[in-house]
Amino acid sequence: MVLFKTENLTFAYPHATEHALSNVNLEINKGDFIVLMGRTGSGKSTLLRLLNPVLAPFGKTEGSIEIKAKKTGYVGQNPDITFVSENVRSELVFALENQRMSNNDIALRLGEISSFFNLSHLLDRNISDLSGGEKATVAIAAAMVNNADAVILDEPTAQLDSKSAYELINLLKRVNDELGVTVVITSHLSDGLIDKCDRLIVLEKGSIIFDDKPENASDAVLPFYPLSAQLFDERPLTVRDAVAFAYRLSEKPLKSSSISSEIVNLKNITFAYEKKGRDILEKLDFKAYEGKIHCIIGANGSGKTTLLKIIAGIKKPYSGKVRVNGRAAYLPQNPQFLFTKDTVGEEIDEQTADRFGLGDKLGMHPYDLSGGQAQKLAMAILSKQQYDILLLDEPSKALDVFYKKELIAYLKSLDKTIIIVSHDLDFVGDIADYVSFLSDGVITIAGERRQVLSSLSYYTTQVRRITAAHLTSAVSTEDLR
């Protein structure tokens with residue numbers, strides 16, 4: 001049974017010089033598990049929003065959209081902005097109460113949904129106190145509490161650490177397998193996802209260039225695949241399958257980087273958001289060196305963003321010493337905090353827009369940009385500031401593999417001290433000079449990129465997971481011969 005069907009669907013945002021979607025012909029059937037990928041700004045988010053009339057963007061639409069799904073749940077890139085209640089219980093029953101269901105029916109539905117999604121122990125918790133993975137799970141449960149026959153998700157793993165991302169993907173697969181719910185998900189994360197879908201759809205400049213089973217990959221879409229499929233001609237879709245071919249790879253020797261002067265020195269930092277609250281950071285030490293790129297990794301809730309805000313001077317620790325030699329510029333996790341104008345062209349000049357791939361977006365409102373385009377605009381705004389230290393919170397979030405490479409080249413060309421918080425471990429493996437692993441409020445290991453990432457088993461890169469049994473310290477394709 002077809003739940004969604006588009007014929008020659010074309011869409012353009014107001015004042016845009018190009019179509020966001022062009023002649024999209026698509027059928028999504030009941031029970032499908034579909035992964036939608038493409039470059040930043042290729043039209044993925046626009047297509048998902050058009051499949052849900054309540055969220056359809058304003059603009060000019062041509063062609064047709066046929067929606068036969070009775071109830072469609074939607075989860076956006078940032079669930080925090082979609083929650084309507086303070087605690088989990090109220091969030092899950094909100095839609096049911098609006099339908100004026102009886103208390104008995106609400107209790108039954110709540111019991112079912114909280115048990116299936118393993119949320120029973122969180123029902124009375126404030127949503128603001130949950131981890132990123134828990135928030136994402138609550139958002140999915142809330143989207144499905146009305147017995148949705150389809151759930152649409154736009155980059156639900158973008159703000160999650162690798163462990164939480166894999167758990168969320170496995171949860172969605174369970175929803176699809178056990179409940180028969182159609183799942184349509186956009187993601188720039190392919191590792192752990194492509195091998196689970198029935199169909200992979202790739203958009204390029206608003207048009208579908210690939211719609212097939214993932215094992216039938218063409219060379220044009222291979223860059224969107226997990227690194228395991230790119231390293232070997234057999235194109236294994238998982239680390240497990242790629243390990244069998246790892247003996248073919250060899251690594252470059254380690255090179256020690258020269259130590260420069262300290263530009264950031266944190267000593268015995270302790271911080272809590274409330275006087276009697278839990279310490280987020282506890283007697284933490286951290287150093288950053290001039291002209292080097294430092295990456296801070298760790299699980300959701302480990303204190304990474306808090307640490308970055310302390311370096312930026314946004315938060316003050318209640319004990320410890322902070323020494324920062326120079327002016328810092330800060331990119332928050334939500335880039336929209338930097339937007340103050342009505343159009344991209346008012347935020348940045350045309351030359352800067354062209355430099356960051358936004359030359360055709362000058363007339364658009366910054367809030368109409370895709371997640372990846374918003375990241376680009378935020379970086380463009382920061383590029384006009386004067387700073388000695390650049391602090392970036394999840395800068396690769398919602399970016400495609402192509403722009404990630406451009407971002408890495410750009411940041412390395414700055415020759416500045418850069419401190420990055422990131423869940424994207426492959427991005428960290430490609431860009432970092434030094435890596436610090438933050439766990440339970442303290443940095444448990446810090447050092448050169450290959451030294452740290454090769455010593456970790458779970459919070460490490462695809463290259464390391466594939467080659468761990470054969471190579472000593474390769475953590476990036478740049479480390480391979």
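**A tour from helix H3 to the cores**

In this predicted model, start by selecting the buried residues of H3: Ile-106, Arg-109, Leu-110, Ile-113, Ser-114 and Phe-116. Now look down the axis of H3. Its buried residues fall within an arc of 160 degrees, so they line one face of the helix. The general rule is that an α-helix has 3.6 residues a turn, so residues three or four places apart point the same way.

Next, show the neighbours. Helix H2 (88-98), helix H4 (132-144) and helix H5 (162-179) pack against the buried residues of H3.

Turn to the face of H3 that points away from the buried side. Select Asn-104, Leu-108, Glu-112 and Ser-115; these residues are exposed.

Check the length of H3, residues 103-116. Its 14 residues, at 1.5 Å a residue, should span 20 Å, and the end C-alpha atoms are 20 Å apart, which agrees.

Then step past the helix to Asn-118. This residue follows H3 and has a positive phi, near 55 degrees.

Move on to the largest nonpolar core, which holds 66 residues. Which members touch the most others? Select Ile-297, Leu-390, Leu-392, Leu-411 and Ile-420.

Zoom in on Leu-392. Leaving aside residues up to four places away in sequence, Leu-392 touches Leu-308, Leu-331, Met-379, Leu-382, Leu-411, Ile-418, Ile-419, Ile-420 and Val-421.

Definitions and conventions:
Residues numbered from 1 in each chain as written. Predicted model: local features only at pLDDT ≥ 70, side-chain atom pairs only at ≥ 80, totals over all residues. Heavy atoms only, no water. Core = buried A, V, L, I, M, F, W, Y, C linked by side-chain atoms within 4.5 Å. Buried < 20%, exposed > 50% of the residue type's maximum accessible area, 1.4 Å probe, protein only. Contact = heavy atoms within 4.5 Å. Helix = DSSP H or I, 4+ residues; strand = E, 2+ residues; numbered from the N terminus. Expected span 1.5 Å × (residues − 1). Arc of directions from axis to C-beta.
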